[in-house]
Amino acid sequence: MTGMTTGALREVTVGTGAGLDTADMVLNIGPQHPSTHGVLRLKLVVDGERVVSCEPVVGYMHRGAEKLFEVRDYRQIMVLANRHDWLSAFSSELGVALAVERLMGIEVPERAVWLRTALAELNRVLNHLMFLGSYPLEIGALTPMFYAFRERETLQAVLEEVSGGRMHYMFNRVGGLKEEVPAGWTRRARAAIGQVRGRLPDLDNLIRRNEIFLARTVGVGVLTAAQAAAYGASGPVARASGLDFDLRRDDPYLAYGSLTVPVVTRDTGDCHARFEVLLDQAYVSLDLAERCLEEVDRITGPVNVRLPKVVKAPEGHTYAWTENPLGVNGYYLVSRGEKTPWRLKLRTASYANVQALSALLPGCLIPDLVAILGSMFFVVGDVDK
């Protein structure tokens with residue numbers, strides 16, 4: 001399309017095709033878009049069908065959790081801790097509890113340690129199943145979502161029985177867990193794990209080697225190991241690029257030091273590698289959860305410690321980090337000896353993953369944009385914490 005004017009205006013040629021000059025166009029993806037898992041805006045500069053540059057614009061659903069931590073006491077902050085990544089609620093509240101316990105010098109009972117580890121791994125599988133179903137959906141495959149949610153509901157029933165919640169579990173406490181698990185729960189949990197392990201190949205066989213899925217993901221959105229490290233990416237996204245790093249093995253917490261934790265990695269760094277790491281990690285987490293439940297059946301004793309009526313952390317600071325389902329989460333806690341944190345800073349995995357989009361998307365075609373975006377595995381609440 002060619003427009004020609006006179007005077008102070010100039011001639012502009014916009015279009016695609018052989019022999020035509022093209023003008024860059026600024027295109028907004030979002031703030032609301034089916035593949036963003038929340039309110040995220042991508043400001044793109046495109047030349048025809050090809051992305052020239054990408055600027056992730058965050059902050060649309062800013063929760064202000066870090067500021068709210070400062071006016072909640074150490075018992076109350078747990079309700080904020082599990083809401084920024086609503087797919088990893090148990091793991092997120094666990095990280096805050098670990099930071100407070102470390103600063104206060106609290107030793108958590110052994111039974112609670114193994115129960116926490118088992119529940120963290122079950123929460124990891126729930127998180128991964130959501131992405132294993134939604135990612136194929138975003139690029140046109142509807143059926144995997146039904147398989148993924150079938151398995152999610154099986155495990156959701158287990159976590160709902162033990163905590164009373166389906167999304168925000170509120171089961172961690174400073175010093176352990178809220179209460180003892182119901183009688184017979186470990187047996188029912190192992191049965192659920194067995195069901196999911198037996199049926200997960202249905203999803204695996206449907207999508208992993210699907211020709212259409214391979215065409216949309218293999219060689220698309222390649223994130224090199226150097227780029228992943230430079231942007232601070234972690235978890236499945238970084239391990240798909242060849243970064244062999246997992247806190248459960250490399251800096252153990254909870255009961256992970258007593259477990260053998262297989263770390264799933266790939267070296268191609270493309271969309272398909274990220275999907276495969278997530279899928280294979282689900283198998284690993286099911287095995288780890290089952291192993292933890294065996295220890296829970298063996299160990300007796302309390303699942304928490306008695307705390308004073310007013311909980312005050314001593315003056316000082318500490319940093320705790322955990323291997324959350326989407327990557328490394330860090331919790332920097334500063335106390336001035338009061339009953340509320342002076343500062344609690346969150347370092348979330350989703351934020352780093354979204355940063356990497358500015359390096360991944362330039363040069364790709366617009367039809368591949370959604371495939372790349374969905375494969376970065378982020379929750380926007382975890383970005384705008």
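Glu-295 is buried in this predicted model, its relative accessible area being 11%.

**The Glu-295 and Arg-291 pair**

- Arg-291 counts as partly exposed, with 32% relative accessibility, whereas Glu-295 is buried.

- Arg-197 and Glu-290 join their side chains in a salt bridge, with an N to O distance of 2.9 Å.
- This pair ties together distant parts of the chain, as Arg-197 belongs to helix α6 (residues 185-207) and Glu-290 to helix α11 (residues 271-298), 93 residues apart.
- Arg-197 has a relative accessible area of 25%, so it is classed as partly exposed.
- Glu-290 is partly exposed as well, at 22% relative accessibility.

**Other salt bridges**

- How many salt bridges are there by this rule? The count comes to 30.
- One of the pairs is Glu-70 with Lys-67, whose side chains meet at 3.2 Å, N to O.
- Lys-67 is exposed, because its relative accessibility of 58% lies over the 50% cut-off.
- Which residues are linked in a network of salt bridges? The members are Glu-121, Arg-124, Arg-239, Asp-246, Arg-248 and Glu-323.

**Nonpolar cores**

- The largest nonpolar core holds 98 residues.
- Within this core, the residues that touch the most other members are Leu-42, Leu-44, Leu-155, Trp-185, Leu-361 and Met-376.
- Helix α4 (residues 110-138) gives the most to this core, contributing 15 residues.
- Leu-42 is worth a look in your viewer: leaving aside residues up to four places away in sequence, Leu-42 touches Leu-27, Asn-28, Ile-29, Cys-54, Glu-55, Pro-56, Leu-357, Leu-361 and Leu-373.
- Leu-361, one of the contacts of Leu-42, is also listed among the residues touching the most other core members.

Definitions and conventions:
Residues are numbered from 1 along each chain as its sequence is written. This is a predicted model: local features need pLDDT of at least 70, side-chain atom pairs count only at pLDDT 80 or more; totals for chains, interfaces and linings use all residues. Side-chain values use heavy atoms; hydrogens and water are left out. A salt bridge is a side-chain nitrogen of Lys or Arg within 4 Å of a carboxyl oxygen of Asp or Glu. Buried means under 20% relative accessible area, exposed over 50%, partly exposed in between (1.4 Å probe, protein chains only). Helices (H or I, at least four residues) and strands (E, at least two) are DSSP runs, numbered from the N terminus. A nonpolar core is a set of buried Ala, Val, Leu, Ile, Met, Phe, Trp, Tyr and Cys residues joined through side-chain atoms within 4.5 Å. Contact means heavy atoms within 4.5 Å.
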